[in-house]
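This report describes selected features of the structure shown below. Please keep the sequence and the model at hand while reading.

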Amino acid sequence: MDISVIGLGKVGLSLVSCLVAAGHKVIGVDIDLAVVEAVNRRALQTQEPGVLERLRLAPQAALVATADLAQAVRDTELTFVIVPTPSNTLGGFSLRHVLRACDDIGAGVRAKSADHTVAIVSTLLPGSSDAVVIPRLEQASGRKIGAGLLYCYNPSFIALGEVVKGFEQPDYLLIGETDRRPGDIVLAIHKSIVKVNPPVARMTPVEAEIAKVASNTHETMRVSFANMLLTVCSEVPGANVDRITDALAHRMGRRFFKGAVPYGGPCWPRDNQAFSAFIDMIGAVSTLPRAVDTFNDEHARFVLRKILELSSPGETVGLLGLAYKPGTPVVERAFAIDLSRWLVRERRCVIGWDPLAIDGARDVLGDRITFEPVVEDCLRQSDVAVITIPLRELQGVNWASGSHLRMVDCWRCLPADAAACFAEYVPLGRGPSTHVGGWLEKTAGDRFRLLTS
Ligand SMILES: NC(=O)c1ccc[n+]([C@@H]2O[C@H](COP(=O)([O-])OP(=O)(O)OC[C@H]3O[C@@H](n4cnc5c(N)ncnc54)[C@H](O)[C@@H]3O)[C@@H](O)[C@H]2O)c1
């Protein structure tokens with residue numbers, strides 16, 4: 001099928017690579033001429049695994065890029081829209097890029113006689129398709145939905161650093177369709193690129209819009225619940241958070257359920273905030289997502305407090321991991337970036353190390369902290385080190401270079417022989433080895449007797 005993809009960013013370009021690998025002819029569209037030129041010269045830069053390989057293997061004619069959206073629509077049957085929907089000041093998602101794309105799509109549709117299908121992949125606030133996007137497409141194209149203009153809301157559940165995997169091995173496919181026909185068309189395209197047999201959830205556009213933001217909100221709730229257990233187990237003698245979350249996982253599943261650092265990144269915090277804003281707007285109760293956000297902020301302070309307790313002003317704290325998660329250079333709302341700022345304010349010197357994110361962190365932190373490209377050098381210069389994300393690259397580290405320091409392992413990811421290298425090893429989520437009874441006596445006094453009488 002001839003397909004156009006609007007927006008050749010982190011998600012769009014990855015989808016393009018999967019489409020051409022599946023044998024489709026694709027016209028990629030971006031307003032950024034440098035991106036268009038890079039795609040046409042196959043001189044692309046991306047950190048997403050699998051994208052360049054797929055593009056390299058595809059015949060040259062399988063992919064052309066252009067800034068002319070209307071022409072791309074004229075020359076194709078289906079358009080995926082994957083442009084940014086940035087958070088606005090009220091916490092919602094701005095549709096300004098989507099609407100600009102709709103106007104150009106409409107112009108393209110006006111110039112052709114065949115039916116055209118539009119699938120919006122960008123994350124939308126619930127209600128956006130019916131209230132804003134579809135009317136704009138109808139106005140711009142001069143056609144009605146179902147009469148020459150077909151529409152789906154088709155969000156993807158992908159994670160940066162494995163976007164191709166998200167498209168080729170999705171947990172499930174979500175189709176928000178105005179009627180069966182566009183749903184069938186979009187589903188057939190996904191089925192042509194998947195390497196697994198994913199379940200399919202078909203529903204109306206507004207249901208799919210709710211499902212998309214609810215999915216991320218649900219995930220933040222699970223992350224926060226595991227983090228709450230971490231804070232409890234960090235204090236209770238003999239408790240180990242992993243034994244508890246592993247046990248609960250038998251009933252409730254393992255995903256997004258490891259006590260560690262607060263969540264961050266470009267999607268979870270903003271989707272949680274947007275869903276809360278939407279719930280408030282319609283007069284329903286947003287206590288739950290707002291409580292999750294509030295807890296996340298509190299949890300950040302909990303981890304900060306642990307690090308401050310272990311370090312003195314003037315000492316150096318090494319942060320192992322600057323991105324918001326492993327396998328990506330993205331530092332947007334990364335915990336390590338907040339932590340750096342707070343530690344500097346508390347008069348600690350900070351050295352940051354990360355295999356991919358040093359440049360990104362330097363862009364936002366400037367010279368507030370120093371950066372060390374070799375992890376062992378970072379350890380040598382630190383009095384306290386903190387594992388902020390469980391990077392795969394930590395597996396090959398010579399930990400003996402940190403034998404003098406106090407190591408805070410937020411993820412409890414170091415094996416026992418590595419943990420034994422340090423002057424002190426502090427795995428968050430594991431309580432002290434004192435006796436519970438004595439500890440309760442000291443911390444709660446009579447209150448425990450009252451609670452159990
Ligand atoms: N990044 C993620 O992890 C993720 C996950 C799920 C969903 N999403 C959603 O996908 C959408 C895109 O995200 P991204 O991370 O790929 O963004 P991105 O910023 O990496 O890329 C967006 C691209 O769209 C281009 N663009 C903007 N307006 C355009 C227009 N009118 N016409 C053509 N091109 C245009 C930009 O130049 C840019 O190259 C967003 O709505 C985001 O919320 C992202």
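Strand β10 (residues 316-320) is largely enclosed by the rest of the structure, because four of its five residues are buried. A residue is termed buried if 20 or more other C-beta atoms lie within 10 Å of its own, exposed if 12 or fewer, and partly exposed in between, with C-beta atoms placed from the backbone. Strands (E, at least two residues) and helices (H or I, at least four) are DSSP runs, numbered from the N terminus.

The partner of β10 is strand β11 (residues 349-353); the two run parallel and are joined by five bridges. Strands are taken to pair if DSSP finds at least two bridges between them. Leu320 stands opposite Trp353 in β11.

## Basis of the model

The model is predicted: local features need pLDDT of at least 70, side-chain atom pairs count only at pLDDT 80 or more, and totals for chains, interfaces and linings use all residues. Residue numbers start from 1 along each chain as its sequence is written.

## Domains

The domain assignment, of automatic or database origin, divides the chain into domain 1 (2-203) and domain 2 (215-427). Their C-alpha centres lie 34 Å apart. Domain 1 gives 12 residues to the contact and domain 2 gives 13, where contact requires C-beta atoms, placed from the backbone, within 7 Å. On the side of domain 1 that touches domain 2 there are six nonpolar, six polar and no charged residues. In this classification Ala, Val, Leu, Ile, Met, Phe, Trp, Tyr, Cys and Pro are nonpolar, Asp, Glu, Lys and Arg are charged, and the others, Gly among them, are polar.

## Ligand surroundings

The ligand is surrounded by 27 residues, of which Gly7, Gly9, Val11, Ser122 and Thr123 are the closest; a residue is included if its C-beta atom, placed from the backbone, lies within 6 Å. Helices α1 (10-21) and α5 (96-110) each supply at least two residues of this shell. The shell comprises 15 nonpolar, eight polar and four charged residues.

## Helices α6 and α9

The axes of α6 (residues 128-141) and α9 (residues 205-235) come within 8 Å and cross at roughly 115°. Such axes are lines fitted to C-alpha atoms, for helices over the stretch in contact, with angles from 0 to 180 degrees between N-to-C directions. Ser128, Ser129 and Asp130 in α6 meet Pro205, Val206 and Glu209 in α9. By class, this contact has two nonpolar, two polar and two charged residues.

## Pro59

Pro59 is placed in the loop between α3 (51-57) and β3 (63-66). Pro59 counts as exposed because it has 9 C-beta neighbours inside 10 Å.

Methods: Contact = placed C-beta atoms within 7 Å.
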